[in-house]
Amino acid sequence: KKFKHKVAIVGCGRLGQQYGTAYSTFPDTEIVALPNIIPEKKAVGQRFGVKALYPDAESMLKEIVPDIAAVVT
């Protein structure tokens, strides 16, 4: 299996979702976490197939340390 860079997208508003779309198209990246998720944005996790949703980056880092963190807030 080919190595994939683990990506976390901090901020899932309109621009964060554009980042998600972009990272989804790269064959060597995988979106693994979405910190700073608010309840209204949980559908974003479903859209990108991400189950690891966190209220903040600190909570995420206790479980997942991404290779790439796109901060879009």
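For the charges here, Lys and Arg count as positive and Asp and Glu as negative, with His and the chain ends left out. Each charge is placed at NZ of Lys, CZ of Arg, CG of Asp or CD of Glu. On that basis, the mean positions of the 10 positive and 7 negative charges of the protein chain lie 7 Å apart.

A note on the source. This is a predicted model, in which local features need pLDDT of at least 70 and side-chain atom pairs count only at pLDDT 80 or more, while totals for chains, interfaces and linings use all residues. Residues are numbered from 1 along each chain as its sequence is written, and side-chain values use heavy atoms, without hydrogens and water.

Now the fold. The protein chain has 3 helices and 3 strands, these being DSSP runs numbered from the N terminus (helices H or I, at least four residues; strands E, at least two). Along the sequence the pattern is β-α-β-α-α-β. The radius of gyration is 11 Å, close to the 11 Å from the globule rule for 73 residues, so the chain is as compact as a globular protein of that length. That radius is taken over C-alpha atoms, and the rule is 2.2 Å times the number of residues to the power 0.38.

Of the 73 residues, 38% count as buried, meaning under 20% relative accessible area, with exposed over 50% and partly exposed in between (1.4 Å probe, protein chains only).

Q17 is buried, at a relative accessible area of 18%. Leaving aside residues up to four places away in sequence, Q17 touches C12, K41, V44, R47 and F48, where contact means heavy atoms within 4.5 Å.
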